[in-house]
Amino acid sequence: QVQLVESGGGLVQPGGSLRLSCAASGFTFSCYAIGWFRQAPGKERELVATIGSAGGSTNYADSVKSRFTISTVNAKNTMYHQKNSLRPEDTAGYYCNARWRHFPDWGGGAQVTASA
């Protein structure tokens, strides 16, 4: 059974940094493009970052480009999402999932709050 567990969220001052982790089981990261999504209260879910199935190609939404980076450790089925220079508008629940054909259980997400 596929499980996706996000962790590493928290409260941080604007300009601070966090690293989120996505621990996956039931599938192999190398077989899927994996995305990080976020959803703020009252807002639609949006894709903020993607890493390709090959593990080397990444894409970022314009709003986070140059501030967010993602990487994987395929042997452990773990993906890291480094978030630098956080802004209040980055406040949201963050989720990992397959980029295209989402697994049905999005898990609880990791709450990121950037606030003074």
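Visitor: Which side chain of opposite charge is nearest to Glu6?
Guide: Arg45, 10 Å away. Glu6 is buried yet has no salt bridge. Buried means under 20% relative accessible area, exposed over 50%, partly exposed in between (1.4 Å probe, protein chains only). A salt bridge is a side-chain nitrogen of Lys or Arg within 4 Å of a carboxyl oxygen of Asp or Glu. For charge, Lys and Arg count as positive, Asp and Glu as negative, and His and the chain ends are not counted.

Visitor: Where do these values come from?
Guide: This is a predicted model, where local features need pLDDT of at least 70, side-chain atom pairs count only at pLDDT 80 or more, and totals for chains, interfaces and linings use all residues. Residues are numbered from 1 along each chain as its sequence is written, and side-chain values use heavy atoms, without hydrogens and water.

Visitor: Back to Glu6. Which residues is it in contact with?
Guide: Beyond its neighbours within four places in sequence, the contacts (heavy atoms within 4.5 Å) include Ser21, Trp36, Cys96 and Gly109. The Glu6 side chain has a polar atom 2.9 Å from the backbone nitrogen of Cys96, and the Glu6 side chain also reaches the backbone nitrogen of Gly109 at 3.2 Å.

Visitor: New topic. How far apart are the sulfur atoms of Cys22 and Cys96?
Guide: They are 1.9 Å apart, and the two residues form a disulfide, that is, a pair of cysteine sulfur atoms within 2.5 Å. Both cysteines, Cys22 and Cys96, are buried.

Visitor: Is Cys31 buried or exposed?
Guide: Exposed, with a relative accessible area of 59%.

Notes. A polar contact is a pair of N or O atoms within 3.5 Å; within protein, one must be able to donate a hydrogen and the other to accept it, and residues adjacent in sequence count only if both atoms are side-chain atoms.
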